[in-house]
Amino acid sequence: MKKPVLVVMAAGMGSRYGGLKQIDPIDGDGHIIMDFSIFDAVRAGFEKVVFIIKRENELAFREAIGDRLGKYVKVAYVFQELDNLPEGYSVPEGRVKPWGTGHAVLSCIDEIDGPFAVINADDYYGVHAFRMAYDFLTENQNEKDGYRYMMVGYRLENTLTENGHVARGVCVTDEEGHLVKINERTHIEKRGEGAAYTEDDGATWTALSADSTVSMNMWGFSASILTELKNRFSEFLDRNLSENPLKCEYFLPFVVDELLQEKKATVKVLKSEDKWYGVTYKEDKPMVMDAVQKMKDQGLYPQKLWEEK
């Protein structure tokens, strides 16, 4: 059995927040959101973490988290680079935008050869999410009847911010809890006691149930997804470069959806009741810091985190 690996997507800059928010401390001891995710992952059984970063951010990441975590977990880095393209393709003139989450995960193809979980660098997922992910990836390594993937889903009301809108993938599942499809909603806000989304800049709103299950980009895969991402990337470029050369993105959920429609994969949605925390906007940070301190006071985390592990 191959031990699951944790992959952290940390190549994106926080455009709405401003600056490299992934390395902004959220407690008085200098810990960042990734500290808590990786601490939970190590407690769940993960022994290796792979950071996907931009090459120019490597020093900042090593100083902020990578070097000090080396005592507790094996750390590796891969770089999401714009010119990492299939043979025969080149970066369109003027393109600066990364190629998306599917391309980010594809960057790991030479570093991973077994099951792995994928998370965002700037989201807090909660203790139970990592336990569920590790257990699933450990128990579902026989894929003779198709790829067996997983996703941790959250209650929509547990993932909203008071300070603006968020983008969430709203999940549709079957009776057995397997993912049928994800409806990407790029502008969801709290509206009164509930939530709603708009697709026309606020001209009209559609209500969403607070109990809706949403994706926070916490996935679990076998190494098969890397092969699929590689094989489908050229087709994506052929289809999109002529229409939107500067901004088209190769999204991980879109590839997963293709595999679902082709009946090549199943995705078990493991539901978490934990509250998500993230610093989407600068105004979110005080609330996140307060929540982290409360969790420490409740004993969910040591006051000094790694020092007391």
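Is C171 buried or exposed in this predicted model? C171 is buried, at a relative accessible area of 12%, where buried stands for under 20% relative accessible area, exposed for over 50% and partly exposed for what lies in between (1.4 Å probe, protein chains only). C108 is buried too, with 0% relative accessibility. As for cysteine pairing, the structure holds 0 disulfides, a disulfide being a pair of cysteine sulfur atoms within 2.5 Å.

A word on the ground rules. Residue numbers start from 1 along each chain as its sequence is written, and side-chain values rest on heavy atoms, with hydrogens and water left out.

Now to the inside. In soluble globular proteins, nonpolar side chains tend to be buried together. Here the largest nonpolar core has 60 residues, and the members that touch the most others are L6, V8, M34, I38, F51 and M218. A nonpolar core, for the record, is a set of buried Ala, Val, Leu, Ile, Met, Phe, Trp, Tyr and Cys residues joined through side-chain atoms within 4.5 Å. Helix 1 (residues 33-44) puts in the largest share of this core, 8 residues; helices (H or I, at least four residues) and strands (E, at least two) are DSSP runs, numbered from the N terminus. Another core lies apart from it, with 41 residues, including A11, A76, Y149 and L241.

Helix 1 also carries D35. This aspartate is buried, with 0% relative accessible area. Leaving aside residues up to four places away in sequence, D35 touches G30, I65, R68, L69, L305 and W306, a contact being heavy atoms within 4.5 Å.

V214 sits in strand 11 (residues 213-221) and is buried as well, at 0% relative accessibility. Residues up to four places away in sequence aside, V214 touches V152, G153, Y154, L156, T159, R168, G169, V170 and C171. Between V214 and D290 there are 76 residues in sequence and 24 Å in space, C-alpha to C-alpha.

On a 1 Å grid over the protein atoms alone, a pocket is an open set of points where a 1.4 Å probe fits, with protein on both sides within 12 Å along at least five of seven lines, and lining residues have an atom within 4 Å of a point. The lining counts 14 residues, of which N84, L106, S107, I109 and K230 are the closest to the centre. Strand 3 (74-79) and helix 5 (224-240) each supply at least two lining residues, and helix 5 gives the most, with 3. By class, the lining splits into 8 nonpolar, 3 polar and 3 charged residues; Ala, Val, Leu, Ile, Met, Phe, Trp, Tyr, Cys and Pro count as nonpolar, Asp, Glu, Lys and Arg as charged, and the others, Gly among them, as polar.

Finally, the backbone. Most residues other than glycine have a negative phi. D201, in the loop between strand 9 (194-197) and strand 10 (206-208), has a positive phi near 60 degrees and is exposed at 80% relative accessibility. K263 also has a positive phi near 60 degrees; K263 lies in the loop between helix 6 (252-261) and strand 12 (265-272) and is exposed, with a relative accessible area of 74%.

Technical notes
Predicted model: local features only at pLDDT ≥ 70, side-chain atom pairs only at ≥ 80, totals over all residues.
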